[in-house]
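Dear colleague,

Please find below the structure that I am handing over to you. My notes on what was found in it follow directly after.

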Amino acid sequence: MRPQPGLGASNLTPLEETALLTQYARALDSRWPRPILADPLAADIVDTIDYDFAGLGVPASVVCQTALRAKMLDERVRAFTAKHPDAVVVDLGAGLDSGPFRVRPPATVDWYSVDLPGVSALRRQLLPPSRRAHVVTASVADQSWPNTIPSDRPVMVIADGLFAFLSEPVLIALFRRITTYFPSGELAFNDYGRIGWLTRLAVKLAPQRMFSTVGAQWGFPGFEDPHVPQTWNPSLQLVEEVSLAHAPEVELFPGWIRFATKVSGMFEVSARKARILRYEF
Ligand SMILES: C[S@@+](CC[C@H](N)C(=O)[O-])C[C@H]1O[C@@H](n2cnc3c(N)ncnc32)[C@H](O)[C@@H]1O
């Protein structure tokens with residue numbers, strides 16, 4: 001597909017631009033001979049956007065991580081919606097992610113993709129229309145973000161690559177808002193353990209454009225202890241903590257990344273650097 005004039009990223013803020021990075025990583029994965037996520041729609045979408053994706057300098061390790069965490073979140077959404085066909089799925093900071101088209105939940109499930117105005121506008125233009133997939137233009141820092149989403153159905157809330165860009169007070173308020181608005185459900189998201197100042201500095205100084213973009217926006221460092229959200233909101237119960245390094249898909253990672261990931265999985269501190277955390281309420 002050719003880039004369409006006007007479908008550029010010039011209207012996106014630097015924070016919104018991070019959506020292009022993860023989308024591009026999934027597009028690259030889909031073109032690998034042994035894809036981890038295998039999301040051809042990601043590649044189709046990237047091909048229509050007039051943007052210097054190659055200039056982001058996305059390394060293969062980021063492609064692996066991004067594809068795998070999307071796959072792990074997909075599996076959890078699939079399981080929840082199979083159990084609750086009347087559910088709503090809410091993807092916070094959804095970017096251009098084609099989750100609804102990968103997961104294909106029961107036809108009775110409604111999927112809400114929440115993001116800031118620039119990304120939401122692009123999403124409306126680029127994602128295929130679907131009666132059950134809805135775009136919500138809102139900042140999750142604003143307490144009114146869920147107001148257009150049904151509040152009387154079980155909910156699966158996911159966030160992939162969002163929380164690192166929020167401040168701790170915003171996250172606390174967000175976790176509380178989820179359980180006061182929705183009657184019951186789950187919250188699942190990716191986490192980086194606790195990113196220390198040295199890693200943050202390395203990210204800021206790295207030569208690849210993707211790292212300087214992310215480094216300049218960084219907010220929350222992640223949870224060293226996954227029980228912390230329960231202290232912010234006792235309605236949340238931790239039900240799963242799983243490291244990407246322990247997923248069977250690591251076998252699909254290219255040579256040295258596979259080796260390094262397996263080694264990182266042997267130590268609690270490094271295994272924590274890429275996790276999926278899941279809570280029930
Ligand atoms: C790294 S991208 C991840 C996007 C998507 N989840 C994915 O995996 O491709 C982070 C996303 O969070 C969105 N975002 C950042 N702050 C936000 C906020 N306060 N409210 C809603 N979305 C936000 C950005 O616009 C961007 O789309």
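Glu75 forms a salt bridge with Arg76 (a side-chain nitrogen of Lys or Arg within 4 Å of a carboxyl oxygen of Asp or Glu), the closest N and O atoms being 3.6 Å apart. Glu75 counts as partly exposed because its relative accessibility is 35%, and Arg76 counts as buried because its value is 15%; buried means under 20% relative accessible area, exposed over 50%, and partly exposed in between, with a 1.4 Å probe and protein chains only. Elsewhere, salt bridges with shared partners join Arg26, Asp39, Asp74, Asp97 and Arg102 into one network.

Please note that the model is predicted: local features need pLDDT of at least 70, side-chain atom pairs count only at pLDDT 80 or more, and totals for chains, interfaces and linings use all residues. Residues are numbered from 1 along each chain as its sequence is written, and side-chain values use heavy atoms, with hydrogens and water left out.

A search of the whole structure finds 17 salt bridges. In one of them, the side chains of Arg26 and Asp97 meet at 3.4 Å, N to O. This pair links distant parts of the chain, 71 residues apart: Arg26 is in helix α1 (residues 14–31) and Asp97 in the loop between β1 and α4 (99–103). Helices (H or I, at least four residues) and strands (E, at least two) are DSSP runs, numbered from the N terminus. Both Arg26 and Asp97 are buried.

Another salt bridge joins the side chains of Arg69 and Asp160 (2.5 Å, N to O). Here too distant parts of the chain are linked, with Arg69 in helix α3 (residues 60–83) and Asp160 in the loop between β4 and α6, 91 residues apart. Arg69 is buried, with a relative accessible area of 8%, and Asp160 counts as buried at 14%.

Asn233 lies in the loop between α9 and β6 (237–243) and counts as buried at 5% relative accessibility. Neighbours within four places in sequence aside, Asn233 is in contact (heavy atoms within 4.5 Å) with Phe175, Arg176 and Thr179.

With kind regards
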